[in-house]
Amino acid sequence: MAMPRGLDHIVHAVRDLDAAADFYRRMGFMVGARNCHAWGTHNHLVQFPGFFMELLAVAEPDKLAGEGFPALFGDFNRQFLARHEGLSFMMLESEDVLADAAQFRGAGFARSDALTFERAGKGPDGSTVTVGFSLAFACDPRAPEIGFAVCRQHSPQLFWNSAIQQHANGASGVAGAVLVAENPTDHHIFLTAFSGVRELHAGSGLLTAPTARGDIRIMDRAAFQTRFGLEPPDTSSGARLAAVRFTVRERKALHDALTASGIAFSEHMGQTVIAPAAAMGATLVFEGGRDSGG
């Protein structure tokens with residue numbers, strides 16, 4: 001069994017990448033430069049220590065032909081966006097992608113061998129650098145609407161940049177990711193294999209894999225609605241990646257940013273929640289910190 005794998009990044013798939021970058025900026029996040037993948041997807045990143053949100057659009061669909069990344073990542077997101085916007089992919093960190101791919105094969109959940117790609121990026125000093133990544137894709141047959149992979153960076157010192165991890169809204173990191181399923185226990189075996197967490201925590205309508213960087217929760221529809229005060233996404237075709245939970249140092253800066261930008265939010269069970277209707281199909285949750293008192 002692998003060591004528990006922490007959250008590495010989550011993909012927020014959108015149809016209008018410029019609008020998504022603007023939305024995250026208006027929420028008070030620092031948003032990185034636009035990047036391009038060879039297979040036609042473009043992204044902006046929102047970094048935290050050891051974790052990032054990947055705002056992603058299929059900008060050049062004519063480049064999607066081929067196996068590997070064009071199919072497993074590019075076309076997957078194209079098909080996802082044909083149905084809806086929202087959270088499409090969950091990536092966990094990997095210490096050894098080859099070993100993780102072998103483990104996924106042994107468990108019956110592999111979608112690929114280890115795959116590698118490079119792209120241009122901006123280094124911490126603003127210079128153009130080449131960053132590289134190795135990934136292994138996994139598949140939960142009961143969650144065809146969610147992409148799963150593990151990721152290892154080849155040159156992390158060129159990728160991570162503390163200067164763009166300082167967010168005006170006070171967000172400081174990731175608390176976890178939330179999936180919604182008709183029956184969370186149906187995903188127990190997959191989540192154990194994918195996360196590397198040996199013992200999952202079970203609760204009422206809830207299954208949790210605690211990792212070193214955020215926890216992965218699978219909730220049933222009623223538990224999601226109770227926890228966040230929102231109707232969950234449609235799960236008739238399988239589980240969905242529904243929410244990202246962020247930590248904030250103090251809530252007033254967040255509330256000030258949202259109010260100034262006219263972004264609707266609610267306070268529910270000690271959390272600040274932005275609903276999918278406002279957040280391009282995603283539920284964004286902010287926890288911790290001092291409340292604004294307003």
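Biologist: Hi! Which residue in β8 does Phe89 stand opposite?

Modeller: Phe89 stands opposite Gly147 in β8. Keep in mind that we are looking at a predicted model.

Biologist: Good to know. Which strand pairs with β8 in the parallel sense, and over how many bridges?

Modeller: The parallel partner is strand β5, residues 86–93, and the pairing runs over five bridges.

Biologist: And which strand pairs with β8 in the antiparallel sense?

Modeller: For that one, look at β7, which spans residues 128–138 and pairs with β8 over six bridges. As an example, Leu135 has Cys151 in β8 as its bridge partner.

Biologist: How many residues of β8 are buried?

Modeller: Six of the seven residues in β8 (147–153) are buried, so the strand is mostly covered.

Biologist: Let's switch to helix α1. Which of its residues are buried?

Modeller: In α1, which covers residues 17–26, the buried ones are Leu17, Ala20, Ala21, Phe23 and Tyr24. They sit on the same side of α1, because they cover an arc of only 160° around the axis.

Biologist: What do those buried residues pack against?

Modeller: Strands! The buried residues of α1 pack against β1 (7–13), β3 (41–48), β4 (51–58), β15 (271–274) and β16 (283–287).

Biologist: New topic: Glu54. Where is it?

Modeller: You'll find Glu54 in strand β4.

Biologist: Is Glu54 buried or exposed?

Modeller: Glu54 counts as buried, because its relative accessibility is 4% and the cut-off for buried is under 20%.

Biologist: So which side chains make polar contacts with the side chain of Glu54?

Modeller: Asn43 is one of them, with a polar contact of 2.8 Å between the two side chains. The side chain of His9 is another, joined to that of Glu54 by a polar contact of 3.4 Å.

Biologist: What else is Glu54 in contact with?

Modeller: Leaving aside neighbours within four places in sequence, the residues in contact with Glu54 include Ile10, Val11, His12, His37, His44, Leu45 and Phe73.

Conventions. Residues numbered from 1 in each chain as written. Predicted model: local features only at pLDDT ≥ 70, side-chain atom pairs only at ≥ 80, totals over all residues. Heavy atoms only, no water. Buried < 20%, exposed > 50% of the residue type's maximum accessible area, 1.4 Å probe, protein only. Helix = DSSP H or I, 4+ residues; strand = E, 2+ residues; numbered from the N terminus. Arc of directions from axis to C-beta. Contact = heavy atoms within 4.5 Å. Pairing = 2+ DSSP bridges. Polar contact = N/O pair within 3.5 Å; in protein donor to acceptor, adjacent residues only side chain to side chain.
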